[in-house]
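Subject: Handover of a structure and its findings

Dear colleague,

Please find below the structure that I am handing over to you. I would be grateful if you could read the notes with the structure open beside them.

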Amino acid sequence: MWDIINDLVKELEGFQAKTQAEVEAFRVRMLGRKGILTGLFEDFRNVDPRQKKELGKKLNLLKNQVQQAIDVQKERLAAKTPTQSPADDLTKPAEILNMGSRHPIAIAQREILDIFRKMGFSVEEGPEIEDDWHVFSALNFPPDHPARDMQDTFFINSQTDNPVLLRTHTSSVQVRTMEKQKPPIRVVCPGRVFRNEAISARAHCIFHQVEGLYIDENVSFADLKQAILVFVHEMFGSSARIRLRPSYFPFTEPSAEVDVNCNICGGTGCNICKNTGWLEIMGAGMVDPNVLKASGIDPEKYTGFAFGMGVERIAMLKWQVRDLRLYFENDVRFLEQFQGGLL
Ligand code: DAH
C-alpha cells in the first residue's frame, strides 16, 4: 500500500492538465466511485491496526492534496480560456457602441448662448442657492411681493434678515454681474431655477432660464426689440414672427412679454399655445433705475435692457415637444431623437 501511495504522490507532483476534460478524467480516476484513492480507503479497513494511525494520516493528507491539485488546474485553465475569444469569428461585425447624445435642454441652451455670443454677449453664471438680496431686493421687489411667499419660493433659511433660498429666476446673476463689472455690460446668464409649482405639461418646479443684460450709454427699447428679433430668426428661422405685449416686472420699466408664433400647430391653435397661435418665450424690458442704483451703477449716465427666457419653452417650440415632463423623465427613447453631438 505504501508503494501505491508513494507513486501517487509522485504523479501528483507532475500533474499538468491541458484541458478541463483532462482534469475531470483525473478526478474520476482518483476520487470517483472506483477511483484509486477510494479503493485505498476501502483497503484501509483491513490494515494492521498498528499501522492504522500513520497510514490514515497519510491517506487523508493525500486526499486533500489531490483535491487541491484538481482545483488549481481547473482555475488555471478557466483563466486561460476566455468564454468567447474575439478570434472565434473574424467576420463578425463589430459591436455597436452606444455613444449617447446631449440632452435636448443642453442643446437648446448652447444654441441660445451661441446666438448671443455672435452679438457680442459673454456668458456669466451664478449660484443656485441664493439670498433674498440678489433674487428679490436688489431687483426692486417690494417687501410684500407674492414671489417672496413660501407658496412660490423654496426657502432654505427664512429666519434671517437676508433669507437663503433656491433662486426663482436667473435675474439674480444680473445683480451679481453689475456688482462686479463696470458698464458697458453685455452678458447672458444660463442656469437652473426653482419654483414651488405643481408639475404639468406646461410647468415644472425645476427648469432652465437664460437671462440677458445689456448696459451702456444710450441703450434703447429699439435695441432690445432688434436683439430679440435677431435671436428669434436665428433660432426658429427667418419666417418666425414676434409680438411684444405690455407687462410688468419690478426690475424693468417699461416691461414686455415676448410671444413667438406657435409652430406646434402652425398658428391654428393647440393646447400648448392655448388656442391663441402665440407662445410666450420671455419677459423683457428696460432695466429699472432702482435696479441700477442698487448695484452701484449711475442711472443718469447709463441705461440698459434685460430679458429672461425659459429654455424648456424654446426647446418645446424648436422640436414640437408637447409635454415638458418628457425633458425630466430621461427616457432613452425620447432622448436619442436629439442629435446635438457630444462636443
Ligand atoms: N425673471 C423673469 C421671470 O423669471 C423673466 C424676466 C423678465 C427677466 C423680464 C428679465 C426681464 O430680465 O427684463 O419670469
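The notes below describe the domains, the ligand site and some points of the backbone.

This is a predicted model, in which local features need pLDDT of at least 70 and side-chain atom pairs count only at pLDDT 80 or more, while totals for chains, interfaces and linings use all residues. Residues are numbered from 1 along each chain as its sequence is written, and side-chain values use heavy atoms, with hydrogens and water left out.

Domains

The protein is divided into domain 1 (2-80) and domain 2 (104-338); these bounds come from an automatic or database domain assignment. Between the C-alpha centres of domain 1 and domain 2 there are 80 Å.

The ligand site

The ligand has 15 residues around it, of which His-169, Ser-171, Arg-195, Gln-209 and Glu-211 come nearest; a residue counts as near if one of its heavy atoms lies within 4 Å. By type, the shell consists of 5 nonpolar, 8 polar and 2 charged residues. Here Ala, Val, Leu, Ile, Met, Phe, Trp, Tyr, Cys and Pro count as nonpolar, Asp, Glu, Lys and Arg as charged, and the others, Gly among them, as polar.

Polar contacts are pairs of N or O atoms within 3.5 Å. A side-chain N or O atom of His-169 is 2.9 Å from a nitrogen atom of the ligand. An oxygen atom of the ligand lies 3.3 Å from a polar side-chain atom of Gln-174. For Phe-307, a backbone N or O atom lies 3.3 Å from an oxygen atom of the ligand. Taken alone, the ligand exposes 350 Å², and the protein buries 90% of that (Shrake-Rupley method, 1.4 Å probe).

Two or more residues of the shell come from each of helix H7 (171-180), strand S6 (206-216), strand S9 (278-287) and strand S10 (303-310). Helices (H or I, at least four residues) and strands (E, at least two) are DSSP runs, numbered from the N terminus.

The backbone

Most residues other than glycine have a negative phi, and most peptide bonds are trans. The peptide bond from Pro-183 to Pro-184 is cis, with omega near 0 degrees, and Pro-184 lies in the loop between H7 and strand S5 (185-194). Glu-253 and Pro-254 are also joined by a cis peptide bond, with omega about -5 degrees; Pro-254 belongs to strand S8 (residues 252-261). Asn-275, although not a glycine, has a positive phi of about 60 degrees, and is found in the loop between S8 and S9.

Yours sincerely

Methods: Polar contact = N/O pair within 3.5 Å; in protein donor to acceptor, adjacent residues only side chain to side chain.
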